[in-house]
Amino acid sequence: MARDQRAPSRATAPPGRYVAGNGLRRDGVADTGGVPAGEAGNRQGANVTEFQSRRLTLAICEVVGESGVEAATVGRVCEQAGVSRRTFYEIFANREECFVAAVDSQIERLAVVAGSAYTQTGSWVDRVRGALSLLLEHLDAQPNVARILVVETLRAGPTILERRREVLETLAVVIDEGRTAGRAGSDPPPLTAEGIVGGALSVIHARLLASPPAPAVGSAVSDGGARPLVALTGSLMAMIVHPYLGQAAARKELERPAPTSGRLATPSGAEPFKGLPIRFTYRTALVMSTIASDPGASNRYIADRAGIADEGQTSRLLRRLQNCELIENRGEGHPRGSPNAWALTERGEAVHATIAVNGTAR
């Protein structure tokens with residue numbers, strides 16, 4: 001409670017935590033948190049640029065996922081991100097470069113997801129199944145990302161198509177490890193893995209084109225609605241193992257139940273921003289980062305950490321975040337003579353995880 005009632009000591013504050021914001025102490029003196037002024041300014045500038053880059057890549061994901069790559073003009077992406085054209089061109093040379101950065105970011109996220117499952121101990125079959133089902137669950141949770149990576153990358157430029165080819169080659173190498181798990185004397189044709197990857201991707205592509213966004217994993221399927229992609233796990237696994245392990249193994253995979261409940265607490269990627277009536281600035285990210293790092297923080301503590309000299313401005317920003325259900329007050333508040341105690345909601349955690357940058361995630 002003592003921490004929340006007063007500003008944190010400059011002597012004990014973590015290095016770098018006061019670099020951002022307006023760079024002033026409450027007495028108006030320049031404050032760089034122990035970092036040389038020039039270095040502090042450069043670091044803050046780099047953090048702001050990184051945040052703007054993140055917002056632009058998220059914005060192009062939102063536009064492409066909802067309207068297609070042809071609709072993702074620089075003007076529309078800037079409007080979605082809340083940044084100027086000048087800022088866009090200071091970061092990216094053109095629309096394609098921004099889209100490449102967005103695709104690379106999403107591929108890296110999914111590679112971590114699938115890789116964490118595939119590197120677990122167990123048989124080749126179990127590791128592939130674990131990676132596949134988790135990957136499909138993530139695509140179900142992020143329908144915009146699924147459409148971007150599976151559908152819209154085919155309509156983009158040569159750089160994106162090259163990224164797609166590299167990913168498919170990597171997946172084919174993983175699938176072809178089934179040769180070491182196969183029966184003695186079995187020797188599938190050389191292009192078996194490439195054919196399997198292409199076939200599986202074609203199935204997913206067709207589902208995304210033919211159906212509305214899938215319901216959450218484990219929910220009821222309405223008439224005419226799409227089944228979640230994770231329901232394809234058994235069929236795709238049967239396709240994968242049949243050339244390497246035979247018909248019996250394929251039938252076994254087909255009969256194994258697919259996951260019926262999501263392992264994802266909250267969608268990530270661009271989805272947490274959908275429908276939010278608030279524009280995210282670097283200052284907003286700093287406030288949310290402070291709350292994420294110090295749950296139960298008071299208004300004054302947040303203002304000091306985020307470098308906001310005006311307490312009224314802090315209160316208004318916190319009120320907007322609360323109205324958007326991104327933060328919640330777990331304290332008794334001023335009517336009871338106690339400070340507010342702010343914490344991120346579940347959706348707030350998802351937004352923070354998406355917009356956090358090096359300078360705000362500590």
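Here are some numbered notes on the predicted model shown above.

1. **Ground rules.** This is a predicted model, in which local features need pLDDT of at least 70 and side-chain atom pairs count only at pLDDT 80 or more, while totals for chains, interfaces and linings use all residues. Residues are numbered from 1 along each chain as its sequence is written, and side-chain values use heavy atoms, with hydrogens and water left out.

2. **Overall make-up.** The chain contains 16 helices and two strands; these are DSSP runs numbered from the N terminus, with helices being H or I of at least four residues and strands E of at least two. Of its 362 residues, 45% count as buried, where buried means under 20% relative accessible area, exposed over 50% and partly exposed in between, with a 1.4 Å probe and protein chains only. Among contacts with a separation of 6 or more, 68% come from residues 24 or more positions apart; a contact means heavy atoms within 4.5 Å.

3. **Confidence.** Please keep an eye on pLDDT, the predictor's confidence in each residue from 0 to 100. The chain averages 78, and 74% of the residues score at least 70. Helix H11 (residues 233-245) has the highest mean, 96, and helix H1 (residues 2-5) the lowest, 40. Over residues 213-224 the pLDDT is below 50, and this stretch has 20 contacts in the model beyond near neighbours in sequence. Residues 357-362 also stay under 50, with 21 contacts beyond four places in sequence. Where pLDDT is low, the predicted coordinates should not be read in detail.

4. **Helix H10.** Among the buried residues of H10 are Thr-192, Ile-196, Leu-201, His-205 and Leu-208. The buried residues of H10 pack against helix H6 (124-141), helix H7 (143-150), helix H8 (158-175) and H11.

5. **Aromatic pairs.** The structure holds three aromatic pairs. Rings of Phe, Tyr and Trp (its six-membered ring) pair if their centres lie within 6.5 Å; planes under 30 degrees apart count as stacked, over 60 as edge-to-face and the rest as tilted. Phe-88 and Tyr-89 are edge-to-face because their ring centres are 5.2 Å apart and their planes lie at 80°. Phe-88 is buried at 1% relative accessibility, whereas Tyr-89 is partly exposed at 44%. Trp-124 and Tyr-244 are also edge-to-face, at 5.6 Å centre to centre and 75° between the planes. This pair links distant parts of the chain, with Trp-124 in helix H6 and Tyr-244 in helix H11, 120 residues apart. Trp-124 is buried at 5%, and Tyr-244 is buried at 1%. Phe-88, Tyr-89 and Phe-92 form one aromatic cluster.

6. **Cysteines.** With a disulfide taken as a pair of cysteine sulfur atoms within 2.5 Å, the count is zero. For Cys-61, the closest cysteine sulfur is in Cys-98, 8.3 Å away and therefore too far for a bond. Cys-78 is in no disulfide either, as its nearest cysteine sulfur, that of Cys-98, is 8.4 Å away. Cys-61 is buried, with a relative accessible area of 1%, and Cys-78 counts as buried at 4%.

7. **Ala-306.** This residue is found in helix H14 (residues 299-306) and is buried, with a relative accessible area of 0%. Ala-306 and Arg-283 are 23 residues apart in sequence and 7.2 Å apart in space, C-alpha to C-alpha.
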